[in-house]
Amino acid sequence: MSNFKTKKTNESDPIEDELNKAGEASEVSPLVIKLDKCRIMSDTEVPPEDFLLRLFGKPCFPRRDLSTITGTEKCGKTFFTSMLMACCSEKNVLELERISEEPLKVMWYDTEQSRQSTKSILTERIYKLIHTEKEGHTEITERDRRYFVFNVRACSCQERMDYLVAGIEAYQPDMVIIDNVSDLLPSINDPEGSAKVIDQLMQLSTKYNCNITIVIHLNRSGEKRNLRGWLGTEILHKAFDVYYCEQIEKTDVFSVEQTFTRKYRVAETLYYKIDENGLPVITTKPNYQPRDNEGRFKTNKPEAYQIKKENADLFNQTYIIRNSGSARLSWEWNLRQLFADALADRPSLPLDALMNEVMALSGIKQPKYYDKVFNLAVDQRIVKTTMDQRGRIVALLIPS
């Protein structure tokens, strides 16, 4: 009698089942079919990168993507956008150059200024930056066919967004400038609303093959990478390139600096001033450096960036620990209490939001000094940084 047991006839062999299924078409879910359209392979045909302009000879402001212009109030942001718009018709404007031989169509979406200011900038600045041999009715009509300028300050947030979508769809511009993107939603600190607006702008730029340049202010700290609100955080994650505008302290000179790009780095800074006709003209970096009352040179940086003597009396005493018995260290920060109060039972906060909370609680006025305090809290294992599910860098409190 054999020692081997025969397999029961009603039991299936997994290997045999797989062999039997070989060659059969497997079912694919509808979602996977849609996902497959997004797949990139070595032979996938995709359109080449297409840039509208060059700055100092480097390609910038790409189609199918977002660009960003930022800075504090009255720092030259609208002057820079005026140069961009003029360059879409004029081949060269200051250090900007249009890449295509044919003029480009522009849609300027102004949410901030009065209708009078919008028209004045269009006719007295943008159009005057465009050099033509003959300033006749025909040329003006041609310009108006290339420039689609809308002032929507009097509209609601929802109307602005709806009109923007309709305008891009109808006029098919090559470049869209939104000044100011914050006015497209009720609150720039709404995470869900901010993400929705930026997602919609990315979809529009892709669908209509245009560049969308968005203008947004900096936070009051003045840090050039600290764009205002949750909306600013979303923009930094998604923008292809970012440009920082500034007026040089105590001078009539403005500057434009590229602070971020995904590809072509523009190392040079654009310096310009305004001539007697109200138009920007190229200039050089000023040599001005302020002196104090004793004639010593001071920093060119605004006061918010300067690290001053650490006087404990200037800060909120709730977070100060006095060391009466130590001559070397007369006081120190109660870092755990400070950062615990700033987080306020929240599991985490984006870095810019945490900075705003800590500075408000502590009385710290200087962003550079806050950085010093934050790094000290990290070194002492009070807080740590990580990345949340949305891809943002956040800080959280380490349990004691």
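How many bridges join S4 to strand S5? Here are some notes on that and a few other spots worth a look, bearing in mind that this is a predicted model.

1. To take the opening question directly: strand S5, residues 96-98, runs antiparallel to S4, and 2 bridges join them. If you want to find the place by residue, look at Val 93, whose bridge partner in S5 is Leu 96.

2. Zooming out, S4 and S5 belong to an open sheet of 4 strands, ordered S2-S1-S5-S4 and paired antiparallel. Strands S2 (58-62) and S4 (92-93) are at the edges with a single partner strand each, so one side of each has no neighbour in the sheet. Helix H3 (residues 77-87) lies across S1 (51-55), S2, S4 and S5, and its direction is at about 30° to S5.

3. Helix H3 also brings us to the aromatic residues. The model has 17 aromatic pairs. One of them is tilted and joins Phe 80 with Tyr 243, with 6.0 Å from centre to centre and 50° between the planes. This pair links distant parts of the chain, since Phe 80 sits in H3 and Tyr 243 in strand S10 (residues 241-247), 163 residues apart. Both Phe 80 and Tyr 243 are buried.

4. Two other ring features are worth a click. Phe 315, Trp 331, Trp 333 and Tyr 369 are linked into a cluster by ring pairs. Elsewhere, Arg 125 lies over the face of Phe 79, 3.7 Å from the ring centre.

5. Strand S10 is part of another open sheet, this one of 9 strands with mixed pairing, in the order S7-S6-S8-S9-S3-S10-S11-S12-S13. Its edges are S7 (147-151) and S13 (280-282); each has a single partner strand, so one side of each is left without a neighbour in the sheet. From one strand to the next, the twist averages 20°.

6. Within that sheet, strand S3 (residues 65-71) runs parallel to S10 and is joined to it by 4 bridges. Thr 68 has Val 242 of S10 as its bridge partner. Helix H4 (residues 115-129) packs on the sheet, touching S6 (106-110), S7 and S13, and its direction makes about 155° with that of S7.

7. Finally, helix H10 (residues 351-362) passes a simple length check: at 1.5 Å a residue its 12 residues should span 16 Å, which agrees with the 16 Å between its end C-alpha atoms. Its buried residues include Asp 352, Leu 354 and Met 359. Among the elements covering them are helices H8 (229-238) and H11 (367-379). Just after H10, Gly 363 has a positive phi of about 90°.

Conventions: Residues numbered from 1 in each chain as written. Predicted model: local features only at pLDDT ≥ 70, side-chain atom pairs only at ≥ 80, totals over all residues. Heavy atoms only, no water. Pairing = 2+ DSSP bridges. Contact = heavy atoms within 4.5 Å. Axes fitted to C-alpha atoms, helices over the stretch in contact; angles between N-to-C directions. Expected span 1.5 Å × (residues − 1). Buried < 20%, exposed > 50% of the residue type's maximum accessible area, 1.4 Å probe, protein only. Phe/Tyr/Trp six-rings, centres within 6.5 Å; stacked < 30°, edge-to-face > 60°. Lys NZ or Arg CZ within 6 Å of the ring centre and 35° of its normal.
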